[in-house]
Amino acid sequence: MKLQAQSSRALYAALNKSIKCISSRNTIAILGNVLITQKDDRFFFVSSTGESRLTLPAPLTLVGGKYEGPVCIPYKEIVSLLSSLSDCVVTFTFNDKKSLTMEYSTDETRTGKCDIPCFDGAEYPNMTDLDEEKTMRLSLSLSLFQSVVTDASRFIVENELRPVMACLLLDVSEDRSRINFVGTTGKILFKCSHSNDPAHGGSDFYRGGEPRPLLISLCYFKVLSVLGEDGTVDISTDGNIMVFTSDGMEIRCRCAEGRYPSYTAVIPAKNPYFCVVNKKELVNTIRRVGVFASSESNLVIIKKKGAFLDLSAQDTDFARAAEDQVPLLSDDCPDNFCIGTATNEICNCLLTIPSDTVRIAVSDPTRAMVITADDPASCIMTLCMPMLIND
């Protein structure tokens with residue numbers, strides 16, 4: 001069997017995407033390779049961690065012999081070699097699925113080749129198919145989906161005791177009118193709402209099945225990045241397996257198990273006070289003041305004082321302190337209102353808001369701050385739990 005790639009750069013790019021779904025430590029040795037398979041006269045690269053599986057088009061055509069079934073190739077040597085080549089034709093000649101000869105041309109007069117072992121792809125593990133009767137189907141723009149994944153990554157951390165906290169939640173409302181994307185560490189929370197009404201800034205995202213919550217583990221974010229940001233992604237899940245398909249690519253993952261905490265219960269129904277500030281100025285000021293905060297708590301105190309927010313931090317152990325101010329653009333908040341927060345947490349919440357100005361809504365120093373764009377139609381909100389201030 002002889003396969004050929006007309007462009008070594010295209011081959012290199014496809015293999016580099018494939019290896020995003022290969023673990024550095026594999027329980028099954030064959031998972032450390034890339035599988036070449038064929039469907040409908042097209043060739044595909046397949047890679048897997050055991051928990052996830054990536055299938056994408058391979059820029060290969062059959063130029064000799066006949067397809068003899070799937071075969072695994074060791075990607076490390078091939079990728080290293082391809083990275084050193086200028087764009088050229090590359091040919092793979094497979095010898096009984098035990099070895100392959102890779103031939104290439106470095107210019108019009110010089111050629112090169114190497115011999116590499118390969119393996120029979122029949123032993124490569126597969127993943128189960130969806131239960132069609134239980135499958136929910138969604139379709140989202142990739143720009144929205146990748147933006148949500150990027151933003152939510154600031155609010156998701158590995159948690160061995162509560163694995164669901166290391167997940168992005170896709171929560172479709174019972175009436176299918178809205179989908180909420182949620183991520184939380186327990187101290188900060190991200191929520192992005194997307195409508196099913198294209199006439200009001202949404203999209204016709206719901207494509208069938210009964211609504212069910214979908215948990216996407218943080219460990220899949222790396223492989224999901226190969227989908228890019230152009231076009232759409234179709235998402236299907238039966239509660240056990242989730243499948244993402246876009247432009248010939250397919251990512252198949254196991255669903256995380258467990259029940260996500262009730263995020264709606266921690267979002268205040270109404271915060272009577274608010275302050276509107278320039279986001280960039282507030283973030284920069286918090287970072288400056290935060291340098292002098294205690295390394296244990298990272299506590300920064302925010303106080304409403306006249307036409308400014310006063311920010312202060314101190315570290316009594318090292319006798320250092322700092323104060324700074326940020327002007328208010330508008331507010332409805334009593335003077336001397338004071339609330340404490342951790343530097344990194346409030347910055348993550350602020351940076352996620354896609355606006356130059358942000359609105360911080362509060363009720364009292366013991367309840368969460370809700371941060372949105374200064375826009376009543378804002379679809380993204382973040383929440384930051386306060387810290388205790390020791391007088």
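Reply: At 42% relative accessibility, Glu 51 counts as partly exposed, where buried means under 20% relative accessible area, exposed over 50% and partly exposed in between (1.4 Å probe, protein chains only). This is a predicted model in which local features need pLDDT of at least 70, side-chain atom pairs count only at pLDDT 80 or more, and totals for chains, interfaces and linings use all residues. Residues are numbered from 1 along each chain as its sequence is written, and side-chain values use heavy atoms, with hydrogens and water left out.

Me: With which residue does Glu 51 form a salt bridge?
Reply: A salt bridge is a side-chain nitrogen of Lys or Arg within 4 Å of a carboxyl oxygen of Asp or Glu. Glu 51 lies in the loop between β3 (42-48) and β4 (52-57), and its partner is 203 residues apart from it, in strand β19 (residues 249-254); strands (E, at least two residues) and helices (H or I, at least four) are DSSP runs, numbered from the N terminus. The closest N and O atoms are 3.5 Å apart, and the residue is Arg 254.

Me: Which residues are linked with Asp 129 in a network of salt bridges?
Reply: Arg 252 is buried at 11% relative accessible area, whereas Glu 250 is partly exposed at 22%. Their side chains meet in a salt bridge (3.3 Å, N to O). The residues linked with Asp 129 in the network are Glu 250 and Arg 252.

Me: How many disulfides does the count come to?
Reply: A disulfide is a pair of cysteine sulfur atoms within 2.5 Å. The sulfur of Cys 349, a buried residue with a relative accessible area of 0%, is 4.5 Å from the closest cysteine sulfur, in Cys 384, and therefore too far for a bond. For Cys 118, the closest cysteine sulfur is in Cys 72 at 8.9 Å, also too far for a bond. By this rule the count of disulfides is zero.

Me: Which residues touch the most other members of the largest nonpolar core?
Reply: A nonpolar core is a set of buried Ala, Val, Leu, Ile, Met, Phe, Trp, Tyr and Cys residues joined through side-chain atoms within 4.5 Å. The largest one has 104 residues, and its largest share, six residues, comes from helix α3 (residues 142-152). The residues that touch the most other members are Ile 216 and Phe 244.
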